[in-house]
Each structure stands twice: as C-alpha cells, then as structure tokens.
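Subject: A structure for you to explore

Hi there,

Here is the structure I promised to send over. Have a look around first, and then read my notes below alongside it.

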Amino acid sequence: MSDMERKVVIELDNVKRDFRVGSETVHALRGVSFKIYEGEFVTIMGTSGSGKSTLLNQLGCLDTPTSGEYYLDGIPVRNMKRSQRAVLRNRKIGFVFQNYNLLAKTTAVENVELPLMYNTTYSAKQRREAAIKALNAVGLGDRLEHKSNQMSGGQMQRVAIARALVNNPAVILADEATGNLDTRTSFEMLVLFQKLHREGRTIIFVTHNPEIAQYSSRNIMLRDGKIREDIENNNILSAEEALAALPKPQDD
Amino acid sequence: MSFANLIRVAIRAILSNKSRTLLSTLGIIIGVAAVIIMMSIGQGSKESIRKEISKMGSNVITIRPGADMRGGVRQDPSAMQTLKISDYESMLSGLKYVQHVSPEVTQGGQVVNGNNNTTTTIYGEAPEYMTIKLWTVQEGDCFTEEDIRKNAKVCVIGKTVANELFPDGQNPIGRSIRFKNIPFRVVGVLKSKGYNNWGMDQDNLIIAPYTTVMKRIAAQTYFSSINASALSEEVSEKAIEELTALLRANHKIKEGMDDDFTIRSQQEIMETMSSTMDTVTLILVVAAAFSLLVAGIGIMNIMLVSVTERTKEIGLRMSVGARGRDISRQFLFESIIISLTGGLIGIAVGYLGSWAAQMMSLPASVPLWSVLLSFGVCACIGLIFGYVPARKAALMDPIEALRYE
Ligand SMILES: Nc1ncnc2c1ncn2[C@@H]1O[C@H](COP(=O)(O)OP(=O)(O)OP(=O)(O)O)[C@@H](O)[C@H]1O
Ligand SMILES: [Mg+2]
C-alpha cells in the first residue's frame, strides 16, 4: 500500500513537551514528528526516561504539547475543547496506564465498566455484559468480583487492559501493558493485541522488551525525547505460534 | 453520566466515609431541627391563641373610654370617664349588627367567707355578659334583670373563688360572701375555663350586677368598658361602625375630631397577637437559619478535603472520558445528598423536639410548609456549598491529577 491511500489517524508535527521542575526545565520531548496510519501496530521502545509515557499521554489526548501540533483524524487536538477531548478518550481511545490506575476498593468488573459509565448509550445491563466480555478476553473471567487491592500486579494489569478494550476503541494506547506479566501471559496478551490489530484497530504499544517488536508492524525507537529509529517490520511473527511453542506449564 | 449512575456513585462515596459524612451532616441536622422546632412553637402558639380567643367569644367587641392611644401619651383622667349609662341604654335598641351589650365596671379586692379569703376581681356586668363571653353557669343561676334594677347584692363566682372560699366542698349557692365588706349572696358558680395562654387564671372572678358594683363598690357613674357581641364574626366590622356612629352622636363629636373612646374587635386583637407571634418566630427562625449557613460552610470544607483526597480518582475518571461536568456533577450530587440526608434527619429530630415541647405542655405543631421549606433549603445548601469543591474538581488536569500522591 502506498502512503497516499492509507488513512492517517495520528500525525505529530514537531511536538515538544517541557516540564518545569523548580528552576530547571526538563525537555521530555524535543521535537517528535511522525504519522501513524489506520490499522498499524506500532511498538515504541527506548530507555527509561526517554519520553515514551510523555509521548503516549500526548497521543491519548491527556496532555497537550508545549509546542508543535498533534492531529487526530486530521483535527488539531490543541483546538479542541476539554469536553471534546474527554469524549474522544471515552469513545475513540483505549489507554492502558503503566501503573494501571485502577479505582481503589472497587471490583474488577466495576473498574472495567468505568469508561461506559460516561457513555449514556449503554444501559446498566449492556455495560456489565461488555465488561465481563472484556475480562474474559484477558483471562480474568473468574475474578470479576475481586477488588483491585485483592489482585496481583499482573491481574491488575490485565484489568487495565480490559478497561482499555471495553469501549471498542479504534485506537489502543498501551504503556508497558505486559511489563508485569510472565512470559506465557505476555504472549496471551500479545495474541489478543494481534487479534485486535487484525480487526483493523490501530495499536501503539510501549515496551522495553525488544522481542515484542517482532510481533508488531512498525517499531519506533526514542532516545532523549527524539526519534532515533523508525522501521517497518515486514516479517511479523505470529504470537499464537509462539504461544503454542512455549513449554506447557507443569502444574496443569 | 446518567442520573441513576450519579446517585449510585455519590452514595457509594458517602458510604465509604460514614463517620465523616455523619459529622459533616451534624450541623445541618441541628440547624434544620432548630428551624422546625422554632416554627412549630410559633405555629402552635398562634393556634392556641386563636383557640383561646374563640373560647372567649370570637365576635366580642370591646369599647373602652379614651382615644386610641396604644402605647401613646397619658390621657386626662376625665377622658377615661366618657362611657355613661346613657350610652349603654342607647345601644340596647335600634342597632342592626349588635346582638348583646353588657356594660362593665371592675374592681380588685379581697373576698371573704368566714376564715377563708382570696384576692380577686369583681366584674359589674349585665346578664348578657355570660352570652358575650361564653360563660356557662354550672350550678345555680345567673342574676337577672330584676337584680340589676334593684341593685341586688347577688353574684356569680368563678371556680377558683368557689374553691378558695368553700374549701370543704360545701355548696356555695345561697351562701353569703363579703367583697370589700359588702355581703353578696352567691346565686351561681361558673364552669371553669382554666388558665389562658398568658398563664392567667380565668376562673378567679366574681360577676355581679353592674348597678350594684357601680353604686356600692366603685362609687362611679361611668363604665370602665362596654362589651358587645356582633351578630356574627363576619359583620363585626359593621357592628363597630354602627357603635362608633352611635357613640359619636351621643358624645356630640364633630366631624374631623377624634373619638373619645376606642372600639376593638376580638379579631383585631387576635391579629395583632398573631403578627407579634410571627415577628418573634421570624427572629428565632433567622437565628436558626444562620446555623444552617455555618453547616453549609462545614459541608463545603469536607467536600474540598474530599476532592483533594480523591484527586487521583478524578484524574482516572477524566482519563477514561469523564468530562468536567460529569466530575462536577458527581461532587455536587454528593454534597446535595449529604445535606439532604442531614435535612431528613433534622426534620425527624425537629418532629421529636416539637413532640417533646408538647410533652412539656408548650404549644407546638409542625407546619407542613416548614418541612418542605427545610428540605428545599437543604438541597440549595448542598448545591451552593458543593459548587466550589465541584468546580475545583472539574477544572483539574487529568495527567496532573493522576500523578497526584
Ligand atoms: N509531570 C512531569 N514533571 C516533570 N518531569 C516529568 C514529568 N513527566 C515526565 N517528566 C520527565 O520527562 C522525562 C520522560 O519521562 P517519561 O515518563 O516519558 O519516560 P519513559 O520513557 O516513559 O520512562 P519509563 O520507561 O521509565 O517509563 C523524564 O525525565 C521525566 O523525569
Ligand atoms: Mg513510562
């Protein structure tokens, strides 16, 4: 496919993000430009502190650049109203936080229902059904009523993934979504992401694990707030095959 | 977020912090209960005054000598002598709206029967007085027109006088008692009316023919007042006009000159009293309302703390798509529910308090509108004092809120 035919979902134009810490200024992003097309599965890698989370926050309409423009579906996010951005986060984007950000003292299913609470087209019943479906997809169908403080780190991470999927988003942004999972569960999640990718969703996946890049269609390397490398992967590996090749767990 | 979800989320947040919520509602509870108790006592007093006055005869018209100078200048003593026998006699016929008339002369003094004595007031009246003031003679009879004509030394006594002078349960009828050394034969005992609202014993009196009291006790030729009754409550205004015209003619008062007498109906007296009660009630309610203001500030304070504590939650909700208005509604609902809960408990406590007041024989009756008003005021308090915290929450930046520790 040529660039002309594919639809651009995300376009960054020289995006910079500075933070003021006391009297100093931290340049978290120092001018990032790229286009992401509909249906791409992009992995973003880079050392700790290279600006991956900051970048993802921009893409998720959670933060606005200090300078430069971010166009989502061709519309500059800077010009949108706060409430418009909220609606985008609610309907178009699914976001998995690096530190999960679950509601405390709240059950898994309620946590996953949360985005749908802000979508009045869902009835209480539909909301619950969708939440259960998403939890089943991440393998937590048997943990519906567990509260967030009664779950392991990996389980919480999977609840966070389910929450990002529950609103059927066109764009999925995941920050270290498998960072706390064992190899096997990581691959299970990758299978899930590849399936979503096949369904035509755009996925941007931040990871520290270079192996994961092989299962995506494109890999962007960040260093010090700048893009160092941006390569297409023409030989996407199948996570399903990799999962099948893994040694079976002994205690099953 | 939908209405049902907002309520669900708010109640959940409130329940997760029960003791704090309870403490912050305490101000509302006390404020609302105070308002309700004040209003119930105000209302109860008014009702009981009304009842009291209708017991005394609701269409009574009182004519007093002297110009209407409520709280005004002292008048010449001669001005207090304007009601004469001729005035009374002229009222007995030819008036369309006046039913009964009784002149009145009163004197305070001691009444004695053997070793027993008590201080009381003797009322010189016509027999019509019984009808006008709704007195019933329980034992014996009232004195008659005949007695009036003959200046007879007969009297009807109130229950208190009867009990004081005849402590052993003897029958007072036919017995002789002495008022200021003048012997009176008791012909009747009045049915008790009890104490009135102002704690006055209405049964401590002696009623005798006005002629007798004027000549033998007061030694005067004028009346201290004249009581009349209108045909009905509705025409009491007309009766007053009639009496005014008659007295002005009798006293030859020229047009443009002031009356030398004052006529007031029981209704007017009642209205004056209830408007006084209204003022007192208002002052008390305003004082109680101030405590509601303080309670509102308490709620605002607790909501501000709650917003700060839940900064992370706010950031999270925003990041999954809550708009500023969803967040502000969430906190507004919370503060409204807190203040309404306080209001409901306050109303219950108010009812209890007014019941307790009744038990202490204070007149109290909770007016329904005060309950509705309190409820409305609580909703407003929640809305007004929840606004600042809710706005603070709504204006948070999602990422900064998420990073808050
Ligand atoms: N809110 C903030 N205030 C100040 N500095 C910030 C803020 N957010 C990020 N930074 C700085 O920006 C830089 C990039 O941070 P970022 O979180 O994007 O890194 P990262 O690539 O996600 O790292 P990691 O792999 O450890 O998650 C860091 O130096 C960090 O200190
Ligand atoms: Mg990060």
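A nitrogen atom of ligand 1 sits 3.0 Å from an N or O atom in the side chain of Arg403(B), a polar contact (a pair of N or O atoms within 3.5 Å; within protein, one must be able to donate a hydrogen and the other to accept it, and residues adjacent in sequence count only if both atoms are side-chain atoms). Chain A takes part too: an oxygen atom of ligand 1 is 2.6 Å from an N or O atom in the side chain of Ser48(A), and an oxygen atom of the ligand is 2.7 Å from one in the side chain of Ser53(A). The protein covers 72% of the 640 Å² of accessible area that ligand 1 has on its own (areas come from the Shrake-Rupley method with a 1.4 Å probe; for residues, only the protein chains shown count as cover).

Before you go further, please keep in mind that this is a predicted model, in which local features need pLDDT of at least 70 and side-chain atom pairs count only at pLDDT 80 or more, while totals for chains, interfaces and linings use all residues. Residues are numbered from 1 along each chain as its sequence is written, chains are lettered from A and ligands numbered from 1 in the order in which they are written, and side-chain values use heavy atoms, with hydrogens and water left out.

**Around ligand 1**

Ligand 1 lies between chains A and B. There are 15 residues around ligand 1, and Ser48(A), Lys52(A), Ser53(A), Thr54(A) and Gln98(A) come nearest (a residue is near a molecule or strand if one of its heavy atoms lies within 4 Å of it). β1 (8-21), β2 and α1 of chain A each supply at least two residues of this shell. The largest share, three residues, comes from α1(A). These helices (H or I, at least four residues) and strands (E, at least two) are DSSP runs, numbered from the N terminus.

**Salt bridges**

Side chains of opposite charge can pair when their charged atoms come close. A search of the whole structure finds 24 salt bridges over all chains (a side-chain nitrogen of Lys or Arg within 4 Å of a carboxyl oxygen of Asp or Glu).

One of them joins Glu40(A) and Arg218(A), at 3.0 Å from N to O. Glu40(A) is in the loop between β2 (24-37) and β3 (41-46), whereas Arg218(A) is in strand β9 (residues 218-223), 178 residues apart.

Another salt bridge connects Glu129(A) and Lys125(A), at 3.6 Å. Both belong to helix α4 (residues 124-137), and because they are four residues apart, about one helical turn separates them. Glu129(A) is partly exposed at 44%, while Lys125(A) is exposed at 60%. Salt bridges that share partners also join Glu113(A), Arg127(A), Arg128(A) and Glu145(A) into one network.

**Strands to trace**

In chain A, four strands form an open sheet in the order β2-β1-β4-β5, with antiparallel pairing. β2 and β5 (75-76) stand at the edges, each with a single partner strand, so one side of each is left without a neighbour in the sheet. Two bridges join β4 (residues 67-72) to β5(A), and two strands count as a pair if DSSP finds at least two bridges between them. Tyr71(A) has Pro76(A) as its bridge partner in β5(A).

Strand β6 (residues 93-96) of chain A is covered on both faces: Ile93(A) and Phe95(A) on one side, and Gly94(A) and Val96(A) on the other, are all buried. β6(A) pairs with strand β7 (residues 171-175) in the parallel sense over four bridges, and Gly94(A) has Ile172(A) as its bridge partner there.

Enjoy exploring!

Methods
Buried means under 20% relative accessible area, exposed over 50%, partly exposed in between (1.4 Å probe, protein chains only).
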